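The entries below follow the order in which I went through them.

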Amino acid sequence: MRWMHHKKTVLVLSTILLLFIGSLIMVRCSQRDKKNEEKQTANAYVGDAACISCHKSEHDQWQLSDHFKAMQPANDSTVLGNFNNASYTADGVSSKFFKKEGKFFINTEGPDGKNRDYEIKYTFGYYPLQQYLVEFDKGRMQATRQSWNSKDKKWFHQYAGQKIAANDWLHWTGNGQNWNTMCAECHSTNLKKNYNTETDSYNTTYSALTVSCEACHGPAKQHVDYINSAYKEGEKHPGSYLRAAKNSSQLAQIQTCFPCHARKGNISSDLKNSNEIMDDYIPEIPTTEFFHADGQADDEDYTYTSFLQSKMYKHGVKCSNCHNPHTGKLLIAGNGVCLQCHDKKYDAPTHTFHAVNTAGAECKSCHMPGKFYMGNDWRNDHTFRVPRPDLSVKYGTPNACNNCHTNQPASWAEAAVNKWFGSTRKYHFAEDLVPGSKMDAGSQAHLIKLIQDTATPPIIQATAVHYLSGVQGGNHPVDGVLQELHNKDAQVRYRAVTGLNNFAPTLWRDAIGEMFTDKVRAVRIAAANLVLGANDADLVAGLGAGYTNALAELNDHVLYQTDFASGNIMAADYYLKLKNYDKAESFYLKGLQKDNQMNYARLNLSTVYNIQGNNQAALKTLGEAARVDPQNDRIYFNLALLYNELQQPENVEKSLKKAIELKTQNPRVYYNYAILLQQRQQYKDAEQQYLRALKLAPSDADINYALCVLHLQQNNPAAARPYAATLKRYYPGDQRFLQLWQQLGML
């Protein structure tokens with residue numbers, strides 16, 4: 001269907017409203033709560049004091065760790081910062097730190113832009129920086145921007161150099177610095193967020209204020225009962241009813257440490273604690289959104305995604321091989337921790353080409369380059385890769401050599417490495433990942449190579465699948481994505497399912513059914529979300545109980561995220577697909593209230609207004625979006641659609657041209673502009689725009705059909721046949737094209 005003939009303009013896909021979903025979810029939630037109660041009865045948190053009698057040494061070590069000091073009540077022994085009437089001014093904000101009646105206070109800018117006194121209730125972190133928590137209404141706690149540099153003993157600002165407005169999401173009183181949402185889970189034990197989306201309030205609870213023994217080993221009641229009874233009678237139980245017991249496997253340790261040492265999203269409050277990470281969490285993959293194109297950490301990415309790329313992970317190295325799990329420190333200082341496994345020849349100038357006992361001679365300097373986060377927190381990348389300045393020369397990616405030798409170009413570092421080790425480098429997946437990340441016509445071969453090579457780390461294969469699903473102008477990338485629905489790695493399957501959102505339902509409808517009963521919850525949720533957005537009643541009707549159950553899990557996941565600004569937008573999108581427009585509007589507005597820079601919400605909110613017939617509100621909302629982000633091509637495309645409905649053709653063309661001027665990668669922009677030109681009988685110009693659209697979406701049915709019609713209008717059936725052949729290949733049973741194929745003699 002052509003948008004010029006639509007009576008109503010729909011800017012995003014929606015789906016049929018399943019009227020029974022509310023009662024279904026109520027039943028499932030009730031059952032889940034009952035199961036949780038049963039689990040808590042069988043096992044419970046007993047506190048670290050119950051561990052001391054048998055594990056005093058480990059308990060003593062833990063009390064020296066950053067885990068123990070992750071969060072503590074603010075008092076004279078825990079507060080490190082200078083609260084002796086100290087002052088600090090930076091980024092347009094002046095703050096004072098003082099004590100009154102034995103309590104700690106900070107006078108600083110509040111959410112209204114005015115300074116006032118705030119009592120410090122808890123310390124947050126210890127070294128190399130310490131933050132402070134302030135209680136607000138509705139159960140919220142917020143982390144101050146003013147942080148104490150524990151190394152240099154001075155106050156400093158995170159996000160140094162940024163003037164953050166009082167109403168900004170990143171302001172210390174805003175959603176981005178909210179303890180309940182952003183921090184608490186990894187600084188406490190058995191945290192229950194308990195967010196109420198209706199009242200925008202928290203009733204957050206925890207079993208221990210800080211990261212205690214049971215944060216890693218799990219609730220210990222069963223363990224204590226076992227030790228006091230069956231164990232004394234000679235009965236042995238593997239793991240002694242503990243998670244990550246002594247000598248636990250690599251997987252067990254990763255699953256224990258990962259939830260707090262990875263950039264990830266939570267699926268639900270109902271933790272399954274299974275052997276599959278993606279039953280409870282969705283970890284980031286190393287795409288260019290948060291990582292460098294070669295997979296190195298860039299943003300605040302922690303260590304999990306990096307470690308899964310490494311040869312260390314492949315060869316079974318686990319966290320405790322390098323770190324004391326109770327102190328968190330390295331087992332052996334300096335290069336000694338690496339020499340547990342690696343030959344001593346690697347600790348000599350003949351390998352390092354740096355003098356002994358210098359920074360350049362440390363293994364981590366070359367193989368674990370790092371950077372500062374949160375202002376002064378240096379973290380090392382856990383990819384354990386060989387420096388590749390040659391890739392820096394070719395692609396502009398960072399390398400360990402130039403991290404230190406900042407006054408030299410990458411070509412200088414490349415020449416040095418070639419001199420020391422020869423000009424031939426062992427293959428690294430980055431050689432295909434970087435060009436693959438461009439997602440252009442030349443990317444596909446690189447991505448297919450990564451996916452098919454069994455030596456490629458699964459998390460890199462998942463990244464390749466993600467990129468492949470977004471390739472513009474490739475040769476039928478959907479085939480490669482569909483094949484990975486059966487990959488043994490859950491992360492790859494998940495990215496394959498989410499990647500199918502970029503393709504027409506006719507291309508994946510026959511393959512998606514089995515994904516609703518996938519053994520991993522994240523995959524099931526992704527499959528339900530995919531189908532929900534397809535707006536295909538016939539597809540939904542044939543899916544049965546598998547889809548119904550997966551949709552209930554999706555509903556649970558969506559509502560769990562609504563304390564985040566982005567979570568509200570996700571919930572709004574969800575309700576928009578369900579055609580529950582009142583709830584969709586409500587959640588879009590809530591998301592914008594938490595983060596008024598989330599322009600994506602304005603685009604979809606304008607859709608809601610449009611569907612409800614309130615086009616003036618839709619136009620006003622898109623105008624606000626254009627003021628916030630005038631370089632966003634999607635805004636102008638949506639304006640074009642809206643102006644078309646308002647019968648303002650001059651504004652339609654103006655908006656489409658603006659989107660094209662911004663080099664949009666949306667094929668529908670060129671497609672719709674071509675329709676406009678075709679209606680004016682400007683056939684050559686229309687063909688040019690259709691071809692630009694086709695380059696971005698080679699198998700798109702509408703574009704190929706439009707080109708057929710264009711050439712037939714000009715009595716040129718030979719030019720139409722290649723596009724008709726594409727339709728026949730990808731849509732062989734589509735009744736819309738039967739007459740066309742018959743006219744061209746292709747039946």
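**Entry 1: helix 28**

I began with helix 28, residues 649-661, which has 13 residues and reaches 18 Å from its first C-alpha to its last, close to the 18 Å expected at 1.5 Å a residue. The model is predicted, so I keep that in mind for every value here.

Next I looked up which residues of helix 28 are buried, and found Val-652, Glu-653, Ser-655, Leu-656, Ala-659 and Ile-660. These residues lie on the same side of helix 28, because the arc they cover around the axis is only 165 degrees. On the face turned away from the buried side I noted the exposed residues Glu-650, Lys-654 and Glu-661.

What covers the buried residues of helix 28? I found that the cover includes helix 27 (633-645), helix 29 (667-679) and helix 30 (683-696). I also checked what comes after the helix: Lys-663 follows, and its phi is positive, near 60 degrees.

I then moved to strand 7, residues 129-135, where six of the seven residues are buried.

I went through its pairings one at a time. Strand 6 (residues 122-124) pairs with strand 7 in the antiparallel sense over three bridges. For Phe-124, I read off Gln-131 as the bridge partner in strand 7.

Strand 8 (residues 141-143) runs antiparallel to strand 7 and is joined to it by three bridges. Here I noted Met-141 in strand 8 as the bridge partner of Glu-135. The hairpin of strand 7 and strand 8 has five residues between the strands, and in it Lys-138 takes a positive phi near 55 degrees.

The pairing of strand 7 with strand 9 (residues 146-149) is also antiparallel, over two bridges. Gln-130 has Trp-148 in strand 9 as its bridge partner.

**Entry 2: second largest pocket**

Last, I looked at the second largest pocket, which holds about 550 Å³ of space. Which residues lie nearest the centre of this pocket? I listed Arg-140, Thr-173, Asp-200, Gln-593 and Lys-594, out of 24 lining residues.

I also asked which helix gives the most to the lining of the second largest pocket. Helix 24 (residues 581-594) does, with three residues.

Definitions and conventions:
Residues numbered from 1 in each chain as written. Predicted model: local features only at pLDDT ≥ 70, side-chain atom pairs only at ≥ 80, totals over all residues. Heavy atoms only, no water. Buried < 20%, exposed > 50% of the residue type's maximum accessible area, 1.4 Å probe, protein only. Helix = DSSP H or I, 4+ residues; strand = E, 2+ residues; numbered from the N terminus. Pairing = 2+ DSSP bridges. Expected span 1.5 Å × (residues − 1). Arc of directions from axis to C-beta. Contact = heavy atoms within 4.5 Å. 1 Å grid on protein atoms, 1.4 Å probe; cavity = no way out; pocket = protein on both sides within 12 Å on 5 of 7 lines; lining within 4 Å. Points joined across faces, edges and corners; volume = space filled by probe spheres on them.
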